[in-house]
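Biologist: I am new to this structure. Please take me through it in short steps, and say how each term is defined.

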Amino acid sequence: MGETLTGGEALVRALSAHAVTRAFGIPGTHNLEIYRHLSAYGVRHVLTRHEQGAGYAADGYARATGRPGVVITTSGPALLNAAAAVGQAYSDSVPLLVVSPGMPLRHPRLATGLLHETRSQTEALRGVAAFSHRVSSVAEIDAAVARAFTLFRTGRPRPAHIEIPLDLLETAEATGPVRVTPPVVPLAPAPLAVERAAEALREARRPALVLGGGARGAAVPGLALAERLGAPVLTTANGKGIVPETHPLAVGVSLHSPSVRNWLAERDTVLAVGTELAESDFWSAPPALNGALIRVDLDPDQMYAGLAADFAVVGDARLSLTALLAAVERPGGTAGHTRVPGEDPVRRAAALRAARNAETAGRDARWLPYLRALRSVLADDAVITSDSARCCYYGALPHLPLGPAGRYLHPTGYGTLGYALPAAIGAKTACPGREVVALSGDGGLQFTVQELATAVQLRLPLPVVVFDNGGYGEIRDEMAARGDTPTAVDLAPVDLPALARAYGGQGTHAYGPDELSTALAEALRTPGPTLIAVPEETP
């Protein structure tokens, strides 16, 4: 037997049936019926200070837990405020569900001046999400939620939007039993595809392994396969730490290095797992590969997108790599016995790391002592959230060692600013027992700096390390490199630690690595956020 529920209660019931226990957002006039039912269904809410912050916080929650993040917005500007976070989640394959009211069912096509009136929220969100589903009845709501969770569990996880006409939120209708995503199992690869790829690996003399974010659940078979093949391991930004970056075969996040790109192009076999091998991974056009490319991905579209696969293995990364490892090790296999004379994979990996570091030694030297200070304090399972800041993509991505126990959350591809602080809030609420640190620049921080108030209200220890170079340093340098006069890239000085204190948190400066270590250790013991500003020299 079903129940008579309002649209708002039907939505919260459906979320609870899919094990949602936390949501992020801001209440508004049109979504109060949703908020009315959250506590009754065991859904705890995190009040952010901006909907973009809610989106990034839910993204950080999803990446830290592997469970979908949920955002509740009101209609119109609130939903569009969250659109940047939806675009970032799409780029990085993050399971994110955004729910919002929409215009009434019989709202006319002509403008009426209704509060938050928007021509088409669904069309706007379809441009950045996997889908935007506008329901037409209360009974349809749980089917829409089940549709989103089916996408999260069976395909490449990407964000979805559900719009409920605001009159349906308050309307009570008879509903049936709540519909939920049916039990699913990970997609196993086709045996013939595995055998063909394994044969190519058995014949490889100069192999390489590239792990992307889609390989995160395949750390154990991935490392075992690399060791069996004698293949140096490269990762994308989203794949950072899938295998221990201290392992002798690990080259880390290095696809942006010219030396590494040239080496990769010369391999006779490249095994790429859970990665687009896109321009955002290489920071330039992907290199033309001279050897065979084996692609393992849950998304069949990746087999012919960008660098097309010579051998396509469609399936769950863990199941696929486990099957490949078994096939390579089958009696009679020759993997590991036909290497190019003199090419020791461990020495080659070390040489690649050294070449990468040498290429940008002058530029990156400023961050290395501070990154060593961070690493010396943080636990192995710490979560580090990152912004589109030079200290992050030039510094921490290649130079801050991480292992499978930890996580590094970075806004790749879409490249948003302001991600680090709210994402850290989401990760910390998801994992209160783990250390979480936000790493940002002064420019990016100020996109979402108001979320310091959210962190204060939650009273969870949260260090926020900010490298302050007085503006948008990357754009400043790009302008100078073009021969242009740097324009609109310098920001007026802000006493960021004082701003953190004004919000009710803590704030200090670190003028050297030792001071950063001391401040970080203290911040990890202090309830609420502690902003640690690291001044950088500016031109």
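Modeller: Helices (H or I, at least four residues) and strands (E, at least two) are DSSP runs, numbered from the N terminus. This is a predicted model, in which local features need pLDDT of at least 70 and side-chain atom pairs count only at pLDDT 80 or more, while totals for chains, interfaces and linings use all residues. Residues are numbered from 1 along each chain as its sequence is written, and side-chain values use heavy atoms, with hydrogens and water left out.

Biologist: Where is Gly413?

Modeller: Look between strand 16 (407-409) and helix 18 (420-430). Gly413 is in the loop between these two.

Biologist: Is Gly413 buried, partly exposed or exposed?

Modeller: Buried means under 20% relative accessible area, exposed over 50%, and partly exposed in between (1.4 Å probe, protein chains only). Gly413 has 46% relative accessibility. Therefore Gly413 counts as partly exposed.

Biologist: Which residues does Gly413 touch, beyond four places in sequence?

Modeller: Contact means heavy atoms within 4.5 Å. Leaving out residues up to four places away, Gly413 touches Ser91, Asp92 and Ser280.

Biologist: Which residue's side chain makes a polar contact of 2.9 Å with that of Arg63?

Modeller: Arg63 is in helix 3 (residues 51-65), and at 10% relative accessibility it counts as buried. A polar contact is a pair of N or O atoms within 3.5 Å; within protein, one must be able to donate a hydrogen and the other to accept it, and residues adjacent in sequence count only if both atoms are side-chain atoms. Beyond four places in sequence, the contacts of Arg63 include Gln88, Asn238 and Tyr419. The side-chain partner at 2.9 Å is Asp92.

Biologist: How many disulfides are there?

Modeller: A disulfide is a pair of cysteine sulfur atoms within 2.5 Å. The sulfur of Cys391 has its closest cysteine sulfur in Cys392, 3.8 Å away, so the two are too far apart for a bond. Cys391 is buried at 3% relative accessible area, and Cys392 is buried at 0%. The count of disulfides is zero.

Biologist: What is the volume of the largest cavity?

Modeller: On a 1 Å grid over the protein atoms alone, a cavity is a set of points where a 1.4 Å probe fits but cannot get out, and a pocket is an open set with protein on both sides within 12 Å along at least five of seven lines; lining residues have an atom within 4 Å of a point. Grid points are joined across faces, edges and corners, and a volume is the space filled by probe spheres set on the points. The whole structure has one cavity of 30 Å³ or more. The volume of the largest cavity is about 60 Å³.

Biologist: Which helix gives the most to the lining of the second largest pocket?

Modeller: The second largest pocket has a volume of about 760 Å³. Of its 37 lining residues, those closest to the centre include Ser388, Tyr393 and Glu474. Helix 12 (279-282), helix 17 (390-399), helix 19 (442-445) and helix 21 (473-481) each supply at least two lining residues. With five residues, the one that gives the most is helix 17.

Biologist: What is the phi of Arg459?

Modeller: Arg459 is in the loop between helix 20 (452-458) and strand 18 (462-468). Arg459 is exposed, at 55% relative accessible area. Its phi is positive, in a residue other than glycine, and is near 60°.
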